[in-house]
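Here is a short briefing on side-chain contacts. It covers aromatic pairs and salt bridges.

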Amino acid sequence: MADMSELIARMNNGDAAARDALFGQAYGELRKLARSRLHAVGRVTSLNTTAVVHESYLRMLGGAPLRSEDRRSFYAYASQVMRSVIVDAVRERQAERRGG
């Protein structure tokens, strides 16, 4: 299996297989990060760790091309995306409670 730095470099060159391998390799750490983010929010959302990771992955793929300089910047960006996923879920839930 390729080193994470090598996968990031290949991903930055447009290699979709490297991008998928990077997420596969980072999945455990991304789950820990999501669990930490959800714990900080408390029980105000119905999201679980897996849902946050998967939704974040989809948002990362759907937006601008993912570019990271290194492992640290990759996890920092993933953390920001996870935060936006959680905030959006909380806002949606609060809007439903107010009647839509």
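Which residue forms a salt bridge with Glu29? The partner is Lys32, with the closest N and O atoms 3.5 Å apart. This is a predicted model: local features need pLDDT of at least 70, side-chain atom pairs count only at pLDDT 80 or more, and totals for chains, interfaces and linings use all residues. Residues are numbered from 1 along each chain as its sequence is written, and side-chain values use heavy atoms, leaving out hydrogens and water.

**Salt bridges**
- A salt bridge puts a side-chain nitrogen of Lys or Arg within 4 Å of a carboxyl oxygen of Asp or Glu.
- The count by this rule is six salt bridges.
- Glu29 and Lys32 sit three residues apart in helix H2, about one helical turn; helices are DSSP runs (H or I, at least four residues), numbered from the N terminus.
- Arg59 meets Glu55 at 3.4 Å, N to O.
- Asp88 also forms a salt bridge with Arg59, at 2.9 Å between the closest N and O atoms. That pair links helix H4 (residues 71-97) to helix H3, 29 residues apart.
- Glu6, Arg10 and Asp15 are linked in a salt-bridge network.

**Aromatic pairs**
- The whole structure holds three aromatic pairs (ring centres of Phe, Tyr or Trp, its six-membered ring, within 6.5 Å; planes under 30 degrees apart are stacked, over 60 edge-to-face, the rest tilted).
- Phe23 and Tyr57 pair edge-to-face, at 4.6 Å centre to centre and 80° between planes.
- Phe23, Tyr57, Phe74 and Tyr75 form one aromatic cluster.

- Phe23 is buried at 7% relative accessible area; buried means under 20%, exposed over 50%, partly exposed in between (1.4 Å probe, protein chains only).
- Tyr57 is partly exposed at 24%.

Terms used: Helix = DSSP H or I, 4+ residues; strand = E, 2+ residues; numbered from the N terminus.
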